[in-house]
Amino acid sequence: MNKLQNRLIISFTFIILVTLCGVSTIFSILIIRLPQQERITFLELNTQARSIIAVIQRFPNLLPARFPRFQLLDEISGRQDVRVALADADRTVLYDSGHVWDTSSDFDLFSRLSPTVGERWSGQIREEGRTWLVVAHPAPDASSVQQYLILAKPLNRPIRTILIQLRDTVAVPLLQAGAIVLTLGIILSISISRSIARPLRKVSQATDAVSRGRYDVSVEAKGPEEIIQLARSFNTMAEKIQASLQAQNDLVANVAHDLRTPLTSIQGYAQALIDGTANHPESRHQAALTIFEESCRMEKMTKTLLELAKFQAGEITLHLTDVDLIQLLRERAAFFQKQIEDAGLKLILDDLPAFMSVQVDRERLIQVLDNLLSNAITYTQPEGSITLSATIQETWATMSVIDTGCGIPKEEVPRIFERFYRGDRSRQGTGTGLGLSIAREIITAHHGTIDVESVVGVGSKFTIKLPRDTNPQ
Ligand code: ADP
């Protein structure tokens with residue numbers, strides 16, 4: 001009973017029943033109140049009045065000029081279930097079978113109906129909460145004195161009469177229509193509730209699978225819009241969890257692999273020192289140097305990894321100051337000048353603007369530029385060149401490091417910003433594959449972007465875009 005489908009069916013059925021009851025009630029009220037009913041009652045009253053007057057005129061002695069007792073009218077009222085009254089020409093009510101209009105001095109029947117003298121008239125009057133349909137016919141008495149015969153029936157008929165009338169007229173068709181609508185409604189509600197419940201059940205089964213560690217599940221996006229949305233969100237979530245787990249596994253594998261190489265080397269050289277294999281001062285010096293370099297590399301790697309983790313956890317705070325990026329570029333160019341010359345490369349400062357002040361974390365930006373410059377030196381053959389350029393726009397400040405190096409194959413371009421990614425050419429080198437991923441984290445924290453354009457054999461262009469006037473914190 002607690003199932004969504006059952007609940008939906010019960011709710012739909014309840015709504016249909018309530019609607020049906022409401023519709024039949026409104027329909028019945030409309031029928032009871034139908035002006036048709038009033039017209040029929042007036043017609044009946046007029047016919048009755050005409051026949052009473054005909055009888056009176058045919059037998060004038062039945063209705064003497066003065067009515068001492070009004071037995072005849074009493075009789076008519078009783079037999080024909082109608083209120084009968086008689087008024088004279090000056091509109092005084094002489095007799096009323098309801099015993100109100102003739103006795104109550106403050107009840108002026110005529111002022112309520114405002115009839116024209118000598119004419120037949122009809123209308124409604126309210127009396128003690130009841131509405132009376134009233135007709136009055138001029139009825140000359142035996143001595144030709146103008147009088148009015150008044151007949152009245154209450155508009156609100158007793159409830160029993162109404163119910164009988166309803167039963168005889170609309171009840172059966174209403175019940176039949178109700179039964180058809182109810183059946184159709186229940187069929188419709190079953191199909192609607194199934195279309196909602198079935199895909200929901202599938203999402204729930206898939207969620208169960210995820211909770212049991214199976215992330216390769218996906219739900220078919222079918223059904224109402226909201227369910228499709230839910231299924232899509234679920235699939236995206238499952239894909240993201242799977243990707244994140246994969247990244248986590250890759251990370252552990254990469255760290256293990258990247259630590260193993262220097263560790264093996266350190267172990268080997270340390271062993272050589274211990275067992276005396278490295279017995280010459282020269283070979284001892286070489287062993288100690290290798291141990292030192294490899295441990296430095298490991299330290300750098302663990303430091304960068306820690307930094308990356310902090311960036312991703314949002315734990316790194318930028319220390320922003322106004323920095324002239326042109327001056328910074330010149331400073332870094334000077335720093336790498338010797339290294340560039342030693343590598344047989346040419347450094348070009350490409351028509352730099354005089355000044356380009358942006359709010360940045362100076363040390364972090366140096367870290368990014370140094371990584372780009374040292375990569376450019378590493379991956380460019382002697383005789384090549386490294387160009388630094390900068391442009392300033394209304395909202396952005398842009399800096400580029402362009403080299404004429406080996407370039408990056410198209411399929412590698414989307415991956416070079418990933419942690420531990422190292423291109424084929426650099427596998428043998430000393431790089432950790434973490435430089436560009438930390439660079440991207442730093443630039444993203446500044447609300448900027450870092451991108452690359454590269455052609456194999458022609459060179460690469462790394463471009464940093466930083467917003468000029470937004471505060472990155
Ligand atoms: P690494 O420390 O190994 O250089 P990076 O994250 O800085 O790590 O770079 C990742 C990879 O991107 C490198 O291994 C290399 O394949 C490629 N790469 C980066 N810069 C250049 C460049 N200027 N020219 C060619 N390839 C590059």
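Me: Why is E383 called exposed?

Reply: The relative accessible area of E383 is 78%. Exposed means over 50%, buried means under 20%, and partly exposed lies in between (1.4 Å probe, protein chains only). E383 is therefore exposed. Please note that this is a predicted model, in which local features need pLDDT of at least 70, side-chain atom pairs count only at pLDDT 80 or more, and totals for chains, interfaces and linings use all residues. Residues are numbered from 1 along each chain as its sequence is written, and side-chain values use heavy atoms, with hydrogens and water left out.

Me: What makes the phi of E383 worth a remark?

Reply: Its phi is near 85 degrees, a positive value in a residue other than glycine. Most residues other than glycine have a negative phi. E383 lies in the loop between α9 and β9; helices (H or I, at least four residues) and strands (E, at least two) are DSSP runs, numbered from the N terminus.

Me: Which term applies to H447, and why?

Reply: H447 has a relative accessible area of 47%, so it is partly exposed. Its phi is also positive, at about 60 degrees, although H447 is not a glycine. This residue lies in the loop between α10 (435-445) and β11 (449-455).

Me: Why is T380 called buried?

Reply: The relative accessible area of T380 is 6%, and T380 is therefore buried. T380 is found in the loop between α9 (362-378) and β9 (385-392).

Me: What does the side chain of T380 reach, and how do you know that this is a polar contact?

Reply: The side chain of T380 reaches the backbone oxygen of A376 at 2.5 Å. A polar contact is a pair of N or O atoms within 3.5 Å; within protein, one must be able to donate a hydrogen and the other to accept it, and residues adjacent in sequence count only if both atoms are side-chain atoms. Leaving aside neighbours within four places in sequence, T380 is in contact (heavy atoms within 4.5 Å) with residues including S385 and D403.

Me: How do you know that β9 pairs with β10, and in which sense?

Reply: Two strands pair if DSSP finds at least two bridges between them. β9 and β10 (residues 396-403) have seven bridges and pair in the antiparallel sense. I386 stands opposite D403 in β10, and the two strands form a hairpin with three residues between them.

Me: What joins β7 to β9?

Reply: Five bridges join β7 (residues 346-350) to β9, and these strands run parallel. The bridge partner of D350 in β9 is S389.
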